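Here are my notes on the model you sent. Please read them with the structure open.

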Amino acid sequence: GLLIDPEMLNTIRTSRMESMGVGKESKKETGYDDIATCRREVNLARDLYEENEEWPVLNVTHRAVEETAARILRIFNERQMLFGEEGDKYCTPKSSSNTNTNTNTNTN
């Protein structure tokens, strides 16, 4: 899962809306770049990730896309080595010699 600071998400969304030429009235209607909406969405994501402890979580607030992609690939490769070709479909290590199955990389 990916997390971002709600204020940073708000800034990104506001900039995106402005670059697309969306007027203030339309912005109000969508709530897309409303800070309360951003906070709510980030909190919903955080709750979902907490319910699924086996999911790795990355905070991408001050991360470049390339850095985030590299981290995701690293986690993917580590999980393939740990769980085999099927990924973590069953969340069971492919070998009992692997005792460390915690791959949560929560970096809040």
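Contact here means heavy atoms within 4.5 Å. Helices (H or I, at least four residues) and strands (E, at least two) are DSSP runs, numbered from the N terminus.

1. Ground rules. This is a predicted model: local features need pLDDT of at least 70, side-chain atom pairs count only at pLDDT 80 or more, and totals for chains, interfaces and linings use all residues. Residues are numbered from 1 along each chain as its sequence is written, and side-chain values use heavy atoms, with hydrogens and water left out.

2. Overall layout. The chain has 4 helices and 2 strands. Their order from the N terminus is β-α-α-α-β-α. Of its 108 residues, 28% count as buried (buried is under 20% relative accessible area, exposed over 50%, partly exposed in between; 1.4 Å probe, protein chains only). Among contacts with a separation of 6 or more, 60% join residues 24 or more positions apart.

3. Helix 3, buried side. T37, C38, V42, A45 and Y49 are buried in helix 3. Viewed down the axis of helix 3, these buried residues fall within an arc of 130°, so they line one face. The arc is that of the directions from the helix axis to the C-beta atoms. The cover over them includes strand 1 and helix 1.

4. Helix 3, other side. The face turned away from the buried side carries L44, E50 and E51, which are exposed.

5. Helix 1 against helix 3. Which residues of helix 1 meet helix 3? They are P6, E7, L9, N10 and R13, and their partners in helix 3 are I35, T37, C38, R39, E41 and V42. The axes of helix 1 (residues 6–19) and helix 3 (residues 35–51) come within 9 Å and cross at roughly 125°. Axes are lines fitted to C-alpha atoms, for helices over the stretch in contact, and angles run from 0 to 180 degrees between N-to-C directions. The two helices are therefore oblique to each other (under 35 degrees is roughly parallel, over 145 roughly antiparallel, 65 to 115 roughly perpendicular, the rest oblique).

6. Helix 4, buried side. In helix 4, T68, R71, I75, R79, L82 and F83 are buried. Down the axis of helix 4, its buried residues fall within an arc of 85°, so they line one face. Strand 1 (2–3) and strand 2 (58–59) are included in what covers them.

7. Helix 4, other side and end. E66, L73 and M81 are exposed on the other side of helix 4. Just after helix 4, G84 takes a positive phi of about 90°.
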